[in-house]
2 protein chains.
Amino acid sequence: MTLPHKRIAESTVRRLSMYLRYLEGLDGVGQKTASSDELAQLCGTTPAQVRKDLSFFGSFGKRGLGYPVHDLTDRLREILGLGQAWQIVIVGAGKIGSALAEYRGFRQRGFQVVGVYDKNPEKIGRAWGDAVVRDIDELATDVSEQHVDIAVLAIPAEDAQDVVDQIVGAGIRAILSFAPTSLRVPPHIAVKTVNMAMELEGLSFALTNRGA
Amino acid sequence: MTLPHKRIAESTVRRLSMYLRYLEGLDGVGQKTASSDELAQLCGTTPAQVRKDLSFFGSFGKRGLGYPVHDLTDRLREILGLGQAWQIVIVGAGKIGSALAEYRGFRQRGFQVVGVYDKNPEKIGRAWGDAVVRDIDELATDVSEQHVDIAVLAIPAEDAQDVVDQIVGAGIRAILSFAPTSLRVPPHIAVKTVNMAMELEGLSFALTNRGA
DNA sequence: ATAGCTTTGTGAAGAATTTCACAAGCCCTC
DNA sequence: GAGGGCTTGTGAAATTCTTCACAAAGCTAT
């Protein structure tokens, strides 16, 4: 459906995601068209960047007019693969896992939380949102038997690689990790890592080497 | 102290942060030296990249031997500005703010949480970790009167820009935002945004355009 | 239908980042 | 103290990403 003739940069995909968010907002208030300049200002980028990003996937705009808000919204959803419901599991029922399990953004964008796992016996069996916390020892079996697309890891760094090896063996296809460690996975598995310490240290560096 | 003759890329800073994490681990188990190759494998990058990144700041290694683990750890802490205690406030006492307030990584790396703020009267006054939740209306005053370096935003997108404007006016120097929106700030303010929807959509895109 | 204003789509230029490749340097052994 | 085996530090090459700049095209008004 989408035609990735060229490899699409990760930075481009991140921006597409941002364009989508703002287009949804514009669509919600009934705006019919938006120019690359308007989108760029909303997203904090440049008009040329917006046009280039979109041009990788086709010609959606009208010269002199801009982009049709509603159509482009649909098109971006399709490009980003949001047309279908992805099934995700959350691994780790601590504070972060808790915040994630209740995060409305998941459902809003078609990500269904089909399971929550922990290794702590005290947490197993408790209700969490719609799900019940299950024993992490069941994770691999569940992943291979049910259809699970994405695993979200909210567990300590030292447990992460072990869990990754298990779920990769069980056929997971993508991982979003909040564990502050780098993960080894086969090349066909998509992985993103969110590392708060890294973000904070980036700010610390910026404060130290500029604003001083 | 550190000598940023050239502008340092953000990607480089992120990797420095990762090198630091693994070096701390190696230091903890008493390893004396580490080669660029070993660090690269741990961090999932290349030896050349490791050497290039470090070379922006000096020559820390010994040819034939590698890098002195303990010294380089110290040096990286200094480069990243972790020698001092940064004071941070958390804005938004919801699930994410809660996870953040109790996040040990902050204190471990010298980030002191000196305040938690919310606009919900039911939350104001409750104890949160060491802090008590304060009224968000006091935030700007507190930022300008106390010494606050970094604000961590865990609030809805629609409230974010308003809070940003207030704390920028009050003299904040850096912002870490979990609000899924782009923030307008003057150029001397450092900003990082963590956007979960964006990460998930990146995975969705990858699943759609490859693994299919 | 034409003129004038606007905005897209896109090669080409430019900038930034990563990778290459190798001389220089350090350690150990003989 | 000379030779061999490693590993760093770094210009230069390669690659990737962003910005430029302009022809092509749509809309409105006359």
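Select chain A: of its 212 residues, 40% count as buried. Buried means that 20 or more other C-beta atoms lie within 10 Å of the residue's own; exposed means 12 or fewer, partly exposed is in between, and C-beta atoms are placed from the backbone. This is a predicted model: local features need pLDDT of at least 70, side-chain atom pairs count only at pLDDT 80 or more, and totals for chains, interfaces and linings use all residues. Residues are numbered from 1 along each chain as its sequence is written, while chains are lettered from A and ligands numbered from 1 in the order in which they are written.

**Chain A as a whole**

Show chain A as a cartoon. Look for 9 helices and 9 strands. These are DSSP runs, numbered from the N terminus: helices are H or I with at least four residues, strands are E with at least two. The C-alpha atoms of chain A fill a box of roughly 60 × 50 × 35 Å along the principal axes.

**Where the chains meet**

Contact means that the C-beta atoms of two residues, placed from the backbone, lie within 7 Å. Ala, Val, Leu, Ile, Met, Phe, Trp, Tyr, Cys and Pro count as nonpolar, Asp, Glu, Lys and Arg as charged, and the others, Gly among them, as polar.

**The DNA strands**

Select DNA strand C. It is surrounded by 28 residues, and the closest are S59(A), G61(A), G64(A), A9(B) and G64(B). A residue is near a strand if its C-beta atom, placed from the backbone, lies within 6 Å of it. α3(A) gives the most to this surface, with 6 residues.

Switch to DNA strand D. Which helix gives the largest share of the surface near DNA strand D? α3(B) does, with 6 residues. By class, the surface near DNA strand D has 9 nonpolar, 12 polar and 7 charged residues.

**The core**

Next, pick V91(A), A151(A), L153(A), V91(B), A151(B) and L153(B). They have the most contacts inside the largest nonpolar core, which has 124 residues. Such a core is a set of buried Ala, Val, Leu, Ile, Met, Phe, Trp, Tyr and Cys residues joined through C-beta atoms within 7 Å. Zoom in on V91(B). Among the residues it touches are Y117(B), I136(B), L139(B) and V163(B).

**Helix α4 of chain B**

Select residues 69-79 of chain B. The buried ones in α4(B) are V69(B), L72(B), T73(B), L76(B) and I79(B). They sit on the same side of α4(B) because they cover an arc of only 130 degrees around the axis, the arc being that of the directions from the helix axis to the C-beta atoms. These residues pack against α1, β1 (33-34) and β2 (67-68) of chain B. Just after α4(B), G81(B) takes a positive phi of about 75 degrees.

**The sheet of chain B**

Finish with the strands. In chain B, 7 of them form an open sheet with mixed pairing, in the order β5-β6-β4-β3-β7-β8-β9. Two strands pair if DSSP finds at least two bridges between them. The edges are β5 (127-128) and β9, each pairing on one side only. β5(B) runs antiparallel to β6(B) (residues 131-135), over 2 bridges. Last stop: W128(B), which stands opposite A131(B) in β6(B).

Methods
Lists of a residue's contacts leave out its neighbours within four places in sequence.
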